[in-house]
Amino acid sequence: MKIAVEGCMHGDLDIVYQTIQHMERLNGIKIDLLLCCGDFQAVRNARDMESLNVPPKYREMKSFWKYYSGQEVAPIPTIFIGGNHEASNYLWELYYGGWAAPNIYFLGFAGVVKFGNVRIGGLSGIYNARDYRLGHHERPPYNENTIRSVYHVREYDVHKLMQVEEPIDIFLSHDWPLGITDCGNWQQLVRYKRHFENEIRERTLGSKAAAQLLEKLRPPYWFSAHLHCKFAALVQHGEGGPTTKFLALDKCLPRRKFLQIIDIESESGPYEIQYDEEWLAITRKFNPIFPLTYKNANFGGTQIEMQDCRQWVRSRLQTRGAKPFEFAQTVPSYDPSQLDSNNLSFDCPRNPQTESLLQLLELPYLLDSVSESRGTTYDLTPLIRGASSVENSEEIPIDDVDELEESAEVDDTET
């Protein structure tokens with residue numbers, strides 16, 4: 001199986017798909033799957049842009065809306081996670097995962113799916129110690145604080161991923177696992193990203209949550225983005241243990257290293273995205289303690305035994321099948337001929353895919369529950385005590401320029 005891995009998409013779907021098709025023609029190959037490591041920017045219309053945490057001058061429609069509307073169709077199956085520059089209102093509709101557009105699948109805030117017999121997991125967002133132990137209290141329309149905190153990784157989602165026991169083949173995170181630079185050529189990295197050196201030496205570059213998952217899951221491959229550069233590392237898990245090949249990629253720009261093709265051993269195709277039985281069982285087990293206010297989950301409050309949950313989910317999938325529910329539009333798509341967006345609502349609609357998945361698992365729909373965050377002030381000091389003073393890793397400028405970029409030698413064929 002040939003898999004294309006892409007760093008930060010920033011809404012440039014047309015360019016990435018055209019690059020992949022060019023590589024297929026040039027090399028006489030067929031790529032089976034595209035994985036995107038965040039900042040996908042699934043912006044459907046002007047309202048979605050107001051949920052996108054970027055400076056106003058970078059709020060562009062880009063090209064996702066064409067795939068959402070059906071004007072274009074992704075030429076290869078695509079799986080993506082969220083980063084810190086997303087239309088968070090849309091991703092909240094698909095918290096558990098689902099089709100963001102035909103042939104384009106969002107893994108959810110945390111998730112695992114199968115593509116053929118290859119098992120792919122992912123964690124959306126970036127780590128911020130200040131918000132890590134909070135619940136998912138944010139609801140659209142977001143204010144100046146929640147538009148940022150909504151994409152901060154939560155302990156609840158990490159805890160669910162930590163329950164995964166069966167092997168994961170590929171894992172995606174937007175920011176890098178903390179300490180990953182110890183396993184690669186960080187000296188070369190800081191030649192091009194000088195401002196990383198202090199964070200590397202102080203061990204503050206990266207996500208503590210991702211490092212925890214890396215140690216637990218130990219996948220053969222781990223891909224990230226966020227820091228707008230290419231960096232490779234090889235992680236040895238204990239003496240004589242398995243290894244993880246880590247690769248971070250750049251954003252989609254000319255002469256930048258934003259795309260990599262890898263070969264994965266797999267059964268013969270054709271391949272399709274399918275629900276993962278173990279992950280659905282974990283979802284069912286932990287959904288009763290889904291934290292929807294500032295308060296974190298009570299992880300001792302789950303009553304269902306995992307083995308019983310697995311058997312129940314297995315029987316449901318045997319009856320219904322493991323193919324995800326079909327894509328459904330929930331809001332109007334951008335129309336270039338209609339410049340007035342005042343008729344678009346800020347409402348967060350219920351996505352039929354999410355409703356159907358929850359019905360399959362016999363779980364209640366909780367995503368539109370009223371949050372305590374509206375009009376209420378909380379003293380969060382106990383929650384943030386001991387948080388790292390370096391919490392600006394999300395401030396990676398969209399138009400950043402490498403300090404040595406002009407003088408560096410760049411291969412014109414590098415993607």
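Predicted model: local features only at pLDDT ≥ 70, side-chain atom pairs only at ≥ 80, totals over all residues.

Guide: By class, seven nonpolar, seven polar and three charged residues make up the lining of the largest cavity. The volume of the largest cavity is about 140 Å³. Its lining comprises 17 residues, of which Phe109, Ser124, Gly125, Val150 and Tyr151 are the closest to the centre. In total, five cavities of 30 Å³ or more are counted.

The second largest cavity has a volume of about 70 Å³. Its lining is formed by Tyr96, Gly97, Tyr105, Leu107, Gly111, Val112, Val113, Tyr275, Asp276, Trp279, Leu280 and Leu357. Two elements, β6 (110-115) and α10 (277-286), each give two or more residues to this lining. The greatest contribution comes from β6, with three residues. By class, the lining of the second largest cavity has nine nonpolar, two polar and one charged residues.

Seven strands form an open sheet, and their order is β10-β11-β9-β8-β7-β6-β13. In that order β6 stands between β7 and β13. The pairing within the sheet is mixed. Strands β10 (231-236) and β13 (273-275) are the edges; each has a single partner strand, so one side of each is left without a neighbour in the sheet. From one strand to the next, the twist averages 25°. Strands of a sheet pair through backbone hydrogen bonds, in either the parallel or the antiparallel sense. One of the pairs here is parallel: β9 (residues 221-224) and β11 (residues 243-248) are joined over four bridges. Within this pair, Tyr221 has Lys245 of β11 as its bridge partner.

Pro141 lies in the loop between β7 (118-123) and α5 (146-149), and β7 is itself a strand of the seven-stranded sheet. Another cis peptide bond joins Gly269 and Pro270, where omega is about 0°. Pro270 is placed in the loop between β12 (259-263) and β13; the latter strand is an edge of the sheet.

Two residues with positive phi complete the account. Gln41 is not a glycine, yet its phi is positive, at about 65°. This residue is located in the loop between β2 (33-36) and α2 (46-49). With a relative accessible area of 6%, Gln41 is buried, because the limit for that class is under 20%. Arg218, also a residue other than glycine, has a positive phi near 50°. Its place is in the loop between α9 (208-217) and β9, and β9 is the strand that pairs with β11 in the parallel sense. Arg218 is partly exposed, with a relative accessible area of 32%; that value falls between the limits of 20% and 50%. Thus Gln41 is a buried residue, whereas Arg218 is a partly exposed one.

Conventions
Residues numbered from 1 in each chain as written. Heavy atoms only, no water. Pairing = 2+ DSSP bridges. Axes fitted to C-alpha atoms, helices over the stretch in contact; angles between N-to-C directions. 1 Å grid on protein atoms, 1.4 Å probe; cavity = no way out; pocket = protein on both sides within 12 Å on 5 of 7 lines; lining within 4 Å. Points joined across faces, edges and corners; volume = space filled by probe spheres on them. Nonpolar A, V, L, I, M, F, W, Y, C, P; charged D, E, K, R; others polar. Buried < 20%, exposed > 50% of the residue type's maximum accessible area, 1.4 Å probe, protein only.
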